Amino acid sequence: MAGPPQIIPDENALTVFTDGSSLPAPRRGGLGVHFVHTDSVGNESYHSLDEAGYLGATNNQMELLAVITALKVINSGRLPSEMFDGITKIEICTDSQYVTNNLSAAIYQWPTNKWHTRDGAPVLNADLWKELIREYKKGRQAFGRVEISWGKGHSSSNQHNKTADKLAKRSARKPTRTLDGAAVVRRKKTTQVTKPGSVEMRGQRLTIRIVGAEPVPLQPQLSRYRYEVMSRASPFFGAMDFAYSEDPRLRPHHTYEVRMGVEPGYPKIARVFREKLEPPESPGEVSADL
């Protein structure tokens, strides 16, 4: 099925092409922001940002931060003055469906639900979403029309998209900044990739190994954990998934015997029974009650 048409900069518009990037081992993220001003007769002028990257950042965080950065630059007037001449619209083109698909909920629904989803789970990256909405509203007050639209990314033939992609990758290769609450990630043992929802919430008892941890914005007592299932008798053995917990004793690179929750839309580690110690030279396991 064909996707939406490519975004072509309109006359009398300031169009921004944004992109986020995340590189592994170690994880670091980058953002690309490329401005295109089109005057009344169709002539284009360009301005790109050369941004440093972020240690430990995810791709979705960088997609959000690229849009936030673009809006901040516009709202503060930090562009060549000719790029504001005669503009009647601000259009931001992102290749992130995570951004465009959740924008309406971030404006109208999540704030009224105290930044929780319909299932009761905390909204991921809530601090960045709040910042995006603040800048979005500032832009609408200043310029009247601000649109955030989805467009094909670097695989498309649009040169502006490709420029944003190159900027994001270059940014990720020079990480000098950190986001508040950046995730801690450790090496996994399983060959499977992380798949949200791959471990069903049945209230079952499992042995899991914590691979990553990140605090949940706006809820300091809560963390989101990436884990792998170590229970060989479980139908989910080897699966990688996410779950939330308020237990501060959970740490990456450690193995625990736990009981999972029962709510599919809000996966939880409902109870931690004990840490399971694995001596490097022994295949056996020694349990230590918590």
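This is a predicted model: local features need pLDDT of at least 70, side-chain atom pairs count only at pLDDT 80 or more; totals for chains, interfaces and linings use all residues.
Q: How much space lies in the largest pocket?
A: Rolling a probe the size of a water molecule over the atoms shows where empty space is left. A pocket here is an open set of points on a 1 Å grid over the protein atoms alone, where a 1.4 Å probe fits, with protein on both sides within 12 Å along at least five of seven lines; lining residues have an atom within 4 Å of a point. A volume is the space filled by probe spheres set on the points, which are joined across faces, edges and corners. The largest pocket holds about 920 Å³. It has 45 lining residues, and Tyr98, Leu124, Arg224, Phe242 and Tyr244 are the closest to its centre.

Q: Which strand gives the largest share of that lining?
A: Strands are DSSP runs of E, at least two residues, and helices are runs of H or I, at least four, numbered from the N terminus. Strand S9 gives the largest share, five residues.

Q: What about the second largest pocket?
A: Its volume is about 520 Å³. Among its 17 lining residues, Pro24, Ala25, Arg27, Val185 and Arg186 lie nearest the centre.

Q: How many salt bridges does the structure hold?
A: Side chains of opposite charge can pair when their charged atoms come close. The criterion is a side-chain nitrogen of Lys or Arg within 4 Å of a carboxyl oxygen of Asp or Glu. The structure holds 16.

Q: Where do Glu135 and Lys138 sit relative to each other?
A: They are three residues apart in helix H3, so about one helical turn separates them. For accessibility, buried means under 20% relative accessible area, exposed over 50%, and partly exposed in between (1.4 Å probe, protein chains only). Glu135 is buried at 8%, whereas Lys138 is partly exposed at 43%.

Q: Which parts of the chain does the Arg251 and Glu275 pair link?
A: Arg251 and Glu275 form a salt bridge with closest N and O atoms 3.8 Å apart. Arg251 lies in the loop between S11 and strand S12, and Glu275 in strand S13, 24 residues apart. Arg251 is partly exposed at 41%, while Glu275 is buried at 11%.

Terms used: Residues are numbered from 1 along each chain as its sequence is written. Side-chain values use heavy atoms; hydrogens and water are left out.
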